[in-house]
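Subject: Structure for your review

Dear colleague,

Please find the structure below, together with its sequence.

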Amino acid sequence: TGKTSSARILAKSLNCEAGPTAAPCLVCASCLEIKAGNSPSVFELDAASNNSVDDVRELRDGVRYQPAQLRRKVYVIDEVHMLSTAAFNALLKTLEEPPEHVCFVLATTDPQKVLPTIRSRTQHFEFSLLSATELADYVRWIREDAGLSFDDAAVDHVVRQGRVRLRMEPVPVDAREHLHHELLGEPDQR
């Protein structure tokens, strides 16, 4: 549903050379570094497989240091509900009083499993899947934006087949290539 993609967009928004901004440029060195997944200031922890107290202590130890290049460090803890109770408790103090240069994003598919002491100290945003109508509208927007010509039956076919991968950031060139391949069976020759 876009939880970690949204976290990366937040990291770009906080660290874009034109920012902080609600609309990161997506072309500066900071945005490109975050998109490529090699920013030394954006950390992703998969709590499903790194859920111990030691994993959280390692994360907590790095929080106190200023970011190497960017404005803010962003820690994305995916599937945070999988942390052990002891790991949650180790994280609690850091979440209560994070350094100004740090932003935490706790992503989960099961928020009721997150300890109440953690939930009470965080903001909550619920994500949901887009409807078929919303996905079709998005594909039509890409079609118009890219100047492509294919009919609405092809749009509906792509949506029904589940071949639309919506990302929160605009990627019309990638989308154009994907749609050409899916709908026409050939790469875009433009």
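Predicted model: local features only at pLDDT ≥ 70, side-chain atom pairs only at ≥ 80, totals over all residues.

Residues are numbered from 1 along each chain as its sequence is written, and side-chain values use heavy atoms, with hydrogens and water left out.

The sheet

β1 and strand β2 (residues 73-78) pair in the parallel sense over five bridges. Two strands are taken to pair if DSSP finds at least two bridges between them. On the other pairing, β2 and β3 also run parallel and are joined by six bridges; there, C103 in β3 is the bridge partner of V74. Together the three strands form an open sheet in the order β1-β2-β3. Its edge strands are β1 (42-46) and β3, each of which pairs on one side only. From one strand to the next, the twist averages 15 degrees.

The chain as a whole

There are eight helices and three strands in the chain. Helices (H or I, at least four residues) and strands (E, at least two) are DSSP runs, numbered from the N terminus. Along the sequence they follow the pattern α-α-β-α-β-α-β-α-α-α-α. Of the 190 residues in the chain, 39% are buried. Here buried means under 20% relative accessible area, exposed means over 50%, and partly exposed lies in between (1.4 Å probe, protein chains only). Among contacts with a separation of 6 or more, 69% are between residues 24 or more positions apart; a contact means heavy atoms within 4.5 Å.

Packing around the sheet

Helix α1 lies across β1, β2 and β3, and runs at about 175 degrees to β2. For such angles, axes are lines fitted to C-alpha atoms, for helices over the stretch in contact, and the values run from 0 to 180 degrees between N-to-C directions. In helix α3 (residues 53-63), the residues V53, V56, L59, G62 and V63 are buried. The cover over these buried residues of α3 includes β1, β2, α4 (85-96) and β3. Strand β3 is itself mostly covered, with five of its six residues buried.

G19 and P20 are joined by a cis peptide bond, with omega at about 5 degrees, and P20 is placed in the loop between α1 and α2. P24 lies in that loop as well and counts as buried, at 14% relative accessibility. Leaving aside neighbours within four places in sequence, P24 is in contact with I9, K12, S13, C16 and C31. P24 and I9 are 15 residues apart in sequence, and 7.8 Å apart in space from C-alpha to C-alpha.

L26 is also in the loop between α1 and α2. Phi of L26 is near 70 degrees, a positive value in a residue other than glycine; at 22% relative accessibility, L26 counts as partly exposed. E79, in the loop between β2 and α4, likewise has a positive phi, near 55 degrees, but E79 counts as buried at 19% relative accessibility.

S30 is found in helix α2 (residues 29-36). With a relative accessible area of 8%, S30 is buried. Beyond neighbours within four places in sequence, S30 is in contact with N15, E17 and L70.

The largest pocket

About 910 Å³ of space lies in the largest pocket. On a 1 Å grid over the protein atoms alone, a pocket is an open set of points where a 1.4 Å probe fits, with protein on both sides within 12 Å along at least five of seven lines; lining residues have an atom within 4 Å of a point. Grid points are joined across faces, edges and corners, and the volume is the space filled by probe spheres set on the points.

The lining consists of 26 residues, of which V105, L106, Q123, H124 and F125 lie nearest the centre of the pocket. α1 (3-15), β3 (102-107) and α5 (116-119) each supply at least two lining residues, and the largest share, five residues, comes from β3.

Yours sincerely
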